[in-house]
Structure formats: C-alpha cells, structure tokens
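Here is a short briefing on one structure. Keep the model open beside the text and look up each part as you read.

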Amino acid sequence: MKNLNYIICILFGLGITLNSCNQSQNTNGALSSSAAEKVYVAPGEQDEYYAFLSGGYSGNLTVYGLPSGRMFKEIPVFSQFPTSGYGYSEETKPMLNTSFGFVPWDDLHHPDISQTNGELDGRWIFVNGNNTPRIARVSLSTFETEEIIEVPNSAGNHSSSFITENTEYVVAGTRFSVPVPQRDMPINEYKGNFKGALSFISVAPDNGRLNLEFQVLMPGFNYDLSHPGRGKSHGWFFFSTYNTEEASSLLEVMASQNDKDFIAAVNWKKIEEYVKNGGGTKMPANYAHNVYDEETHTGTSTMIKEVVTVDPTKVPGSLYFLPTPKSPHGCDVDPTGEYIIGSGKLSADITVHSFDKMLAAIEGEKFDGEAYGIPILNFEEVLAGTVKSGGLGPLHTEFDDKGNAYTTFFISSEVVKWKVGTWEVVDRKPTYYSVGHLMIPGGNSRKPFGKYVVAMNKITKDRYLPTGPEMEHSAQIYDISGEKMELIYDFPTHGEPHYAAGCPADLLASNSKKIYRLDENKHKYATIGPDDARVERDGNEVHIYMSTIRSHFTPDNIEGIKVGDKVYFHITNHEQDFDVPHGFTIIGQGTSEILVMPGQTKTSLWEPKKVGVWPFYCTDFCSALHQEMQGYVRVSPANSNIDLSWSLGE
Amino acid sequence: MMKKASILMIIGPLFLLGLYFFPLWNIMLGAPQYPEPLGMNIYIDGIKGVSEFDIQNIDGLNHYIGMRTLPKPEDMWEFSTFPWVIGGMVALGVLIGLLGFFEKVSYTWFMGWFVLMSILGVLGMYDFNAWMVDYGTNLDPNAIMKLTNADGTPVSYKPPLFGHVKMLNFDVTSLPSTGAWLMFVGMMMTIIAFFMGKKAWQPKSKTSAVRPIKIKTNDK
C-alpha cells in the first residue's frame, strides 16, 4: 500500500511536470494572442488579404479573405456557371469555344497575379485550363473572365500560367508531350517523335490582350511546373521536367527510372529576339481566341490559323538542362532571383540551384553531355545546396520577406520552414492532410508579404463534419510572422485548389467596380431607355428588348410568340446602384437563369415548345416588391396569326 | 473707419458667389442597406446627387411611396430665378459698399442690404419648405406602399428643413451646406460693416457739416 502511494505520488509529479512543459510550449510569452483572435475578423470588419484559390476540377477560381478564410466569390472561368449564366448566356457562350468546339469545363490549376518590376500590381489574374489547354485572363476590377486563349500543340497545360516579372508574357508549358503537329501514329513511337511545347503568350500592357507569340518545341518530356526568373534572372524561365525516360505507358514505374530529371532553363529574351528577327517556323494551327468586351458586355471567339514555333537548338544559348533528382515537381524561384528550387517529389531533400553558378557553368562549358542537342549542365557546378528536410515528398515552395522558404511535403504531410542560403530547417508543422501547394501573398514575387501561409490539402478525412464519401478539400492558415509557424485556422475550400495567389486587400478593394455604366453600354441589343423596350420578329427569331428596374420588367406582357420560335430575351438592368442585380428566367428554360448586373445587358435564349401563357420572373431577391417582379409570354400555335404585341401596366 | 467698413461691405456680398459653386443645402439618406448613404445637394440652380447616381436611386426608392421624381432645373421656376436674385443681391451689395467707400451713402444702407437679404432668405426657406411639404405629402394615390400614422392619417415623407428624422428605414439628415455657410459668413460681414460704419459715423457726425446732407439724400 505504501508502495502504491509512492507510485501515485510519482505519477502526480510527472503529470505536473508534463503539464508545465506543455504550457511553456503553447505560449510564447504573455503578449501572444490566441489563434482565435488572429483569424477573427469582427462583423463589419474586412480581411487584410485577398486570396485567389484555384478550383481545380470545378474549372473556376474562388476568392477568399485572409485571415478569416471566408469565401467571397466564385469566378466562373472555364466552366459553365448557372449561378450567373456564364457559358449559358448568348454573350458568354463564345468564351468557352475551342478548336474542339464548345468545351464547358476545364481543370483550373495555377492563378498568378500580374506584376510590374516583380511586384504584384493587381491588374489581372491569369489562370490555366489544364485539360483542353487554355489560358484565361480575369479582370481584378470586375472579377470576371475577360479573355481565354487556347494553346495549340499542348496537352495537359500544367506548367502554366506563370507570368514574367513585368507581365510581358504569361507562360504555358505542356505536361504531356504529343505529336506536333498532331497526327495518326503508333503510341509506342513516342520516344524521339513527340514534342513538348512551351508557349509564350504576350500580354498587352494597356488592355491585357493576349497573343501567342511563339512556342518553343522541346524534347518529349513532361513539363510539370515553372516559374520566372526575377531580378537578375529576369529574362529566364525555369521548367521542371519528369519522364525524361520518354515512357508512354505505366509512367509511375517507367518514368521513375532516371535518378535525375531536369529543370530546363529557357532564356526567353534570346528566343524573343530570334523571333523578332524573323526566326522560327510558321506552322499551320487552329486555336480559339475569345475576348469579352466590357462595353458591349459580349464575348467573341476568333479562330487563329498559325503559330510560330522555335527549335531551341537553333538559338544558341537559349536552353540548358539542370539535372535535378527524383522527378522534380515544384520549380520555384526565390525573391532575389538567385535560387531555383527543385522539389524531387520522390525525395526527402530539396535541391537548390544557383543562378550565378548556372551562368558560370555555362560560361565555363561545364557540361555533362547533352539531350537532343541541348547542353546538360554539371549537377555539382550548378548546385547551391540541399535542404536536408527530414520530410518526404517535397512539392512546392513559397517565400516570405525575411529570407525564409516554406516547402510543402505531400507524403509526410507538413510544411517545412527553412533558411534560404544556409539550407537549415528552422520549423515544421503538420498539415491535414497531404498538402499540395501553399501560398504566401506575393510569395512568388520580388516582394512577399510574409504574414500568413495557406496550405491547401488533397485529403480531408476527419477535419469537418462528414458529408458522405465526397468532401471539400481542407486548407490551413498558419501565422508565419514569428520564428515558428502557428496553425491558426482550418477551412474547407471549393473544388480542388491547386495553386493560389494572394495580395494585400488595398491593392484591389478600391478598384473594384460597383456598377457598369448604362451610358457606356454598347451591347448590340441594349435597351438604354424604357421607351426603347420592344419586341421584333425576324423569321422565327424573336428579339425582346427588355429592361429591368425595381421592381418590374419592361415590357412584362408579350403576345405573338409561336411554338418553334427562337426567343432572345435581351435584358438590360437599368439600376445604377451597387449590388442590385436582377435575374431572369422563364418556365422550361433549357439553359440557366441569367443574373444581370446594374448597367449590363445579358441574353437568354428560350425555345418555347408548348402553347400556353408562360410566366417569367426575377430570380434575385432585388427589393421589397421582388415577388411582384414577373411577367407573361403568350405562346400560340406555330401557324397562328396573332400579331406581336407588348405592354407594361396596361 | 468708414472706408474699412465699406471694404467689408464690398467683400461680404461677394461670398454669395459661392452659391454658384457650392450647394446651399444637403440632405443625406442612410439606411441599413445603404451603409454609404444616398445624398442630394441642393444648389440655387438645381439638385444634384452627392454621388453620381444618387438622384436616380432616390427616385427609385421614392417610387414605392408614390413620390414624384425629384425636379429637374426646368421643372421649377426657382432654379432659373434664384441665380438672378443672388446675382442681383451681390451686385447691389457691392454697389452699396463702393458708394459707402466714396462716402456717397451712409452705413444704414449696409443694414438695408442685410435686411433685404434676410427677407429673401426667409422667403427662400419658406418656399423650400413648401416644396418639401408638397413632395412629402402630395403622393400618388396608387402608391405601392401606403403607410398611415397611428391616428389613420397618411405618413408624411417631408424631410426636415434642419436636422434629423427617422423615416421608415431611412435616417434623413438635412443641413445647410458650404454655399449657405459662405452666404452666412458674407451676411455677417455686412452686419459687422454696419456696426463699424456706425461707430465711425458717430464722432464724425458731430464734427462734419457735410455728412448730414448725405443722410438726407439717403433718406429721400
């Protein structure tokens, strides 16, 4: 019995010591605030940062606030979006046109905010469609998709859509190499015959218009991710590769045989000059260029029939391979532009190349052979250092403004903080679970804002209340203002976020548009004044020029429509008040509603199939009299003689 | 001293020129769903929104209660008359000041101008208030919302002439604006000019034989 007491005493003693240990770990002094306070944005207050998370297979881009993790908007880009009518309205259907026809979905991966002198400037955000290769430009004043350009000769548009430091180019690399030009050939003749196209799409500085300037045709590897050089390495672009084995089947084994793949260093300035001087080959092509005009509120699609391709071996000094271990995935460049970080995804370590050493090795011709005529630099000559991480499966790296790098580890499910230059690991925190990309606002620019890092995970499991087999992916926010990272929040995302981009709120908030001006509306079918409201017939096409204002449609009684007509409702919202959209839909509508912003015109096509009197209504609870905002269309038999007529309040 | 008073009398009415550039009155309408309130600035020649589309949006809201749309300049004779009245009063005030400077008229004319201006101001306010009563109570009988007070009389939507009232979901605040304050300062200057002139006058009136004759001419 005495012994037992003794043991209990010891146990209590241990308990107290353990408790006190825990306490000292959880507090960093008396002034440290709780995680809840750090993420709490009080009602009526606003977040410090915007975060744009890719939606992956949702095809769209989502807008969040940091540190609250609140979602503000889903911006439709590559996918039809019934919420607003994007991809359903007559004006936005052309935005989803491709050389494969109308493609209403894609897989959106890598948002990148426009930059000037390597710093975020908040004009546009660029995103890539991975499946049917496309690049889109989204306006950061309207938060709407303004332009989509298809990328020919590409497949699995994954090492995209990263921009150069003055937004000269948005760069799109192919993940899957394919025959260029596409042709009917045996798959097992891949090796040596397939090509990987790296596309350089220029961005017009005034209006952001995209133009595919040239494509660099690379050996048939997989070009996985990329990032631009910045500062002293501006003018170069770095692409990670895997499958330098050039396997076309069972890649998980066959493409994992080489101990090292490459990071391809492309001197785009040299190639740009070569093309400007008439270099390159004009190749027949067929790809869509879709532009949405803010004044006509209308998208147009143009097919382009030619592309300039460049064989990099014809441009001396334009391309080198940097050997990088273990099938590198992420390819990130630090804020100074000196270090290129290659994350061998099957490795424990992170490989860091030095830009200065690369230039010296090129100068000194320190080559270890070549691949398809492209010099391979000696690994030791370009290596700046290795981060002995202690983790497994590094994927992506972002940077803060204090000389630290943060790398995600998919397999060991953690974020590891390390010092750029000494390669010393200073902290690690678990993620929940299996993290992919991470994002620090400006963390991929010359000027990061190192306050928060967002880790975006692939697996959710038990983080939230279960919702059946399918769950939204989880993301975590860490406070990185101190020496140690601190997990402060965990929130579900939408679709599958891959990369994200963020910026300080004040960069965008004051430029965010509140309305479209009705007096600038140049839509072909706009109804500028209520007196212009009318109905016109052209064969079996009927055009209804309709306006909306709280709380009625003008006109709201329409007769003379016949079964088999194609009825175009061109709705112009006459409101000039912030956040007062009107919606429109009609019974049996085979597409979606349309949501019309103040001053905007949108068109919904309705093909009546049944005789009767059919109601339409406003879908957005616009006002106290919203329920009254409705009307009727009389649909007569195809052979009837009823004249067109329309009215309001008669 | 009379010269200084006259200079003040010349400058004072010039402050009324501010009414051509700045609003006379301002009415702001805030509500839960209007965290940035709607507002109208009332100028001597018309009504403008504080933000570009405020008038359209106020009219949009007013249609629920059956109020007429806010008047355009051509809808009210006041907006074409007031600029002339103000211009005339400025000219008259400056003229009196100049005549005072050259000692052709006495300081009592300064007070005369002030009294006339005050009468016109009160008439203007009366007219303004009558207009607001008309707009706020003379409503469309088919209005969407017909609200009554507890005693069964229709609710009036007349904004206050001065100060704040709660009107349905709106907080309505009506206050003089920059133009009115400039006018006030200018008018105060003419009052000061009057007293300065008076002070300068009294000792001189005992010593000078010429001056009383001028008073006579003034009084005729």
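**Domains and chains**

Chain A is divided into domain 1 (50-511) and domain 2 (518-647). The model is a predicted one.

- The C-alpha centres of the two domains of chain A are 43 Å apart.
- The two domains touch: 12 residues of domain 1 of chain A contact 17 residues of domain 2 of chain A.
- On the domain 1 side of that contact, seven residues are polar, three are charged and two are nonpolar.
- Chain A also meets chain B, with five residues of chain A in contact with five residues of chain B.
- The chain A side of this contact has two nonpolar, two charged and one polar residues.

**A four-stranded sheet in chain A**

- Four strands of chain A form an open sheet in the order 3-2-1-34, and their pairing is antiparallel.
- Which strands stand at the edges? They are strand 3 (71-75) and strand 34 of chain A. Each has a single partner strand, so one side of each has no neighbour in the sheet.
- From one strand to the next, the twist averages 20°.
- Strand 1 (residues 49-54) and strand 34 of chain A run antiparallel and are joined by five bridges.
- To find this pairing, look for Y49(A), which stands opposite P504(A) in strand 34 of chain A.
- Is strand 34 (residues 500-504) of chain A enclosed or open? Four of its five residues are buried, so the strand is largely enclosed by the rest of the structure.
- As a general point, strands of a sheet pair through backbone hydrogen bonds, either parallel or antiparallel.

**Strand 39 and its partners in chain A**

- Strand 39 (residues 566-573) of chain A is mostly covered, with six of its eight residues buried.
- Eight bridges tie strand 36 (residues 541-549) of chain A to strand 39 of chain A, and these two run parallel.
- In that pair, T548(A) stands opposite N573(A) in strand 39 of chain A.
- Strand 39 of chain A also pairs with strand 42 (residues 601-606) of chain A, through six bridges, and these two run antiparallel.
- In this second pair, Y568(A) stands opposite L605(A) in strand 42 of chain A.

**Two helices of chain B**

- Helix 1 (residues 2-14) and helix 3 (residues 77-101) of chain B pack at an angle of about 170°. Their axes are 8 Å apart.
- How do the two helices run relative to each other, parallel or antiparallel? An angle over 145 degrees counts as roughly antiparallel, so helix 1 and helix 3 of chain B are roughly antiparallel.
- Residues of helix 1 of chain B in this contact include M2(B), I7(B), I10(B) and L14(B). Those of helix 3 of chain B include M89(B), V94(B), L98(B) and F101(B).
- By class, the contact has 13 nonpolar, five polar and one charged residues.

- Most residues other than glycine have a negative phi, and most peptide bonds are trans. The spots below depart from that pattern.
- The peptide bond from Y432(A) to Y433(A) is cis, with omega near -15°. Y433(A) sits in the loop between strand 29 (425-430) and strand 30 (435-439) of chain A.
- T554(A) and P555(A) are also joined by a cis peptide bond, with omega about -5°. P555(A) is in the loop between strand 37 (552-554) and strand 38 (557-562) of chain A.
- H297(A) is not a glycine, yet its phi is positive, near 55°. H297(A) lies in the loop between strand 17 (281-293) and strand 18 (298-310) of chain A.
- Why does H297(A) count as buried? The residue has 25 C-beta neighbours inside 10 Å, and 20 or more is the cut-off for buried.
- W423(A) has a positive phi too, near 60°. W423(A) is in the loop between strand 28 (414-419) and strand 29 of chain A.
- W423(A) has 18 C-beta neighbours inside 10 Å, so W423(A) counts as partly exposed.

How values were computed: Residues are numbered from 1 along each chain as its sequence is written. Chains are lettered from A and ligands numbered from 1 in the order in which they are written. This is a predicted model: local features need pLDDT of at least 70, side-chain atom pairs count only at pLDDT 80 or more; totals for chains, interfaces and linings use all residues. Two residues are in contact if their C-beta atoms, placed from the backbone, lie within 7 Å. Ala, Val, Leu, Ile, Met, Phe, Trp, Tyr, Cys and Pro count as nonpolar, Asp, Glu, Lys and Arg as charged, and the others, Gly among them, as polar. Axes are lines fitted to C-alpha atoms, for helices over the stretch in contact, and angles run from 0 to 180 degrees between N-to-C directions. Angles under 35 degrees count as roughly parallel, over 145 as roughly antiparallel, 65 to 115 as roughly perpendicular and the rest as oblique. Domain bounds come from an automatic or database domain assignment. A residue is buried if 20 or more other C-beta atoms lie within 10 Å of its own, exposed if 12 or fewer, and partly exposed in between; C-beta atoms are placed from the backbone. Two strands pair if DSSP finds at least two bridges between them.
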